There are 2 protein chains.
Amino acid sequence: MANALIIGASGQIGKQAVGKLLDAGHHVVAPVRNKDKLSDIEHPHLSVVEQDLEKDFSAHFEGVDTVVFTAGSGGNTGAEKTLLIDLWAARNAVNYAKSAKVPKFIMVSSIGAGDPDAVESPIKPYLVAKHMADEHLIHSGLHYIILRPGTLLNEPGTHLVRTDMPTNKNEAVIPREDVATAIVESVARENNNDVITYLFKGETPIAQVFQ
Amino acid sequence: MANALIIGASGQIGKQAVGKLLDAGHHVVAPVRNKDKLSDIEHPHLSVVEQDLEKDFSAHFEGVDTVVFTAGSGGNTGAEKTLLIDLWAARNAVNYAKSAKVPKFIMVSSIGAGDPDAVESPIKPYLVAKHMADEHLIHSGLHYIILRPGTLLNEPGTHLVRTDMPTNKNEAVIPREDVATAIVESVARENNNDVITYLFKGETPIAQVFQ
């Protein structure tokens, strides 16, 4: 069982990931700005601590096995927060993890972050931030799993995905719950190869993708 | 004499750098969005080309000896443009320079970009973008000169600078013209050591700093 640090635990994906990680027997540390947002989850293996990600949050990395970074805006907050959270807090999390010798870093990235120039979209600034955060992680020397989900849906997960890009753009979608499941499978994954994995609704069990 | 590519040639520093580079006998290529902004400079060694930095601008790097990146907002445009220009266009310029085997890259950065977390300021998002652009250049393998001027002034240059941080914050200033001069000296510099140089009004001739 892992000691997982979840950055962004009160977000829509983060919160589902916390619940599933606890169900799977892991210990979870959840630094959040507003503890009330996690007040409905009580568990002996969950430690919720108050933390502003725009401040130094290095204190939470000691003894952690896996960092999950899923904080951020999804492209809909202002670009200043995109710079300060999606990019800078992610960069700091990578550096803190490196200093604390955390063996694994899971980054929740986004479809489009691999090549922001391929996108003509109002969310391009967001994709630039995600690209640079991913690049910082890739160059850090940490073992990484980068998840690049398609457009996020608020519907129950199917536990079934595909990792190749659908030709029909409308199929480049995935329930948030399945991204949370992918996080849990990434935490449990024993293979130490670094990977960048796209995630869309599909027909392959998530557990199989992260074997 | 160098073939210099100036990204941001119609900006306040860029335009002065173009004039000084031409005066010093260099050839200058200036991709700008609005050619009118450079219509008052005519010179047989100046090539002004229309270019939006949010599009692919790799075409201008062939045969270039030195790239100067001085495009951007100085922290006063919106954060979206900070992401798209100060960060992403800088990142693309570095990658294009690398592909075209350009031997030298001069980045006009900013005081504060070395450690954005040390700053409590509304321009922190801007400093994050500048930090990540600088880091991308540093890790690129290109030979680099990163200039980090203090607060920019619109007054005539003195050609005299200091590179250590003044203890009095009010002295952490520099005329834009002196930054332009520092660019010209950086272009001419024969020493191939990579450097990050802070620049403030001082008492050392700029030419001596870049020997």
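His159(B) is partly exposed, with a relative accessible area of 40%. On this scale, buried means under 20% relative accessible area, exposed over 50%, and partly exposed in between, with a 1.4 Å probe and protein chains only. The structure is a predicted model, in which local features need pLDDT of at least 70 and side-chain atom pairs count only at pLDDT 80 or more, while totals for chains, interfaces and linings use all residues. Residues are numbered from 1 along each chain as its sequence is written, chains are lettered from A and ligands numbered from 1 in the order in which they are written, and side-chain values use heavy atoms, with hydrogens and water left out.

**Backbone at position 159**

His159(B) has a phi near 65°, a positive value in a residue other than glycine. Its place is in the loop between strand 7 (151-153) and strand 8 (160-162) of chain B. Helices (H or I, at least four residues) and strands (E, at least two) are DSSP runs, numbered from the N terminus. In chain A, His159(A) is likewise not a glycine and has a positive phi, of about 65°. The loop that holds His159(A) runs between strand 7 (151-153) and strand 8 (160-162) of chain A, and the residue is partly exposed at 40% relative accessibility.

Leu137(B) belongs to helix 3 (residues 124-138) of chain B and is buried, at 0% relative accessible area. Beyond the neighbours within four places in sequence, Leu137(B) is in contact (heavy atoms within 4.5 Å) with Val94(B), Phe105(B), Met107(B), Leu142(B), Tyr144(B) and Ile146(B).

Ile111(A) sits in the loop between strand 5 (104-108) and helix 3 of chain A and counts as partly exposed, at 24% relative accessibility. From Ile111(A) to Asn3(A) the C-alpha distance is 28 Å, and the two are 108 residues apart in sequence.

**Helix packing in chain A**

Helix 2 (residues 79-99) and helix 3 (residues 124-138) of chain A pack with their axes 9 Å apart, at an angle of about 5°. That angle makes helix 2 of chain A roughly parallel to helix 3 of chain A. Axes are lines fitted to C-alpha atoms, for helices over the stretch in contact, and angles run from 0 to 180 degrees between N-to-C directions; those under 35 degrees count as roughly parallel, over 145 as roughly antiparallel, 65 to 115 as roughly perpendicular and the rest as oblique. Among the residues making the contact are Leu87(A), Ala90(A) and Val94(A) of helix 2 of chain A, and Ala129(A), Met132(A) and Ala133(A) of helix 3 of chain A. The residues of this contact divide into nine nonpolar, three polar and three charged. Here Ala, Val, Leu, Ile, Met, Phe, Trp, Tyr, Cys and Pro count as nonpolar, Asp, Glu, Lys and Arg as charged, and the others, Gly among them, as polar.

**Salt bridges**

Over all chains, the search finds 18 salt bridges, each a side-chain nitrogen of Lys or Arg within 4 Å of a carboxyl oxygen of Asp or Glu. Asp117(A) and Lys124(A) meet in one, at 2.8 Å from N to O. Asp40(B) pairs with Lys15(B), with the closest N and O atoms 3.0 Å apart. This pair links distant parts of the chain, 25 residues apart: Asp40(B) is in the loop between strand 2 (27-32) and strand 3 (46-50) of chain B, and Lys15(B) is in helix 1 (residues 12-23) of chain B. Glu177(B) forms a salt bridge with Lys20(B), the closest N and O atoms lying 2.8 Å apart. Here the distant parts are helix 4 (residues 176-188) of chain B, with Glu177(B), and helix 1 of chain B, with Lys20(B), 157 residues apart. Arg162(A), Asp164(A) and Glu171(A) are joined in a network of salt bridges.

| Residue | Relative accessible area | Class |
|---|---|---|
| Asp117(A) | 37% | partly exposed |
| Lys124(A) | 10% | buried |
| Asp40(B) | 55% | exposed |
| Lys15(B) | 25% | partly exposed |
| Glu177(B) | 18% | buried |

**Interface of chain A and chain B**

The area buried between chain A and chain B is about 2,000 Å², and carbon and sulfur atoms give 67% of it. Leu83(A), Trp88(A) and Met132(A) supply 30% of the area that chain A buries against chain B, more than any other three residues. Buried area is the accessible area (1.4 Å probe) that two parts lose on being put together, summed over both. Two salt bridges are counted between chain A and chain B. Glu120(B) and Lys55(A) form a salt bridge, with 3.5 Å between the closest N and O atoms.
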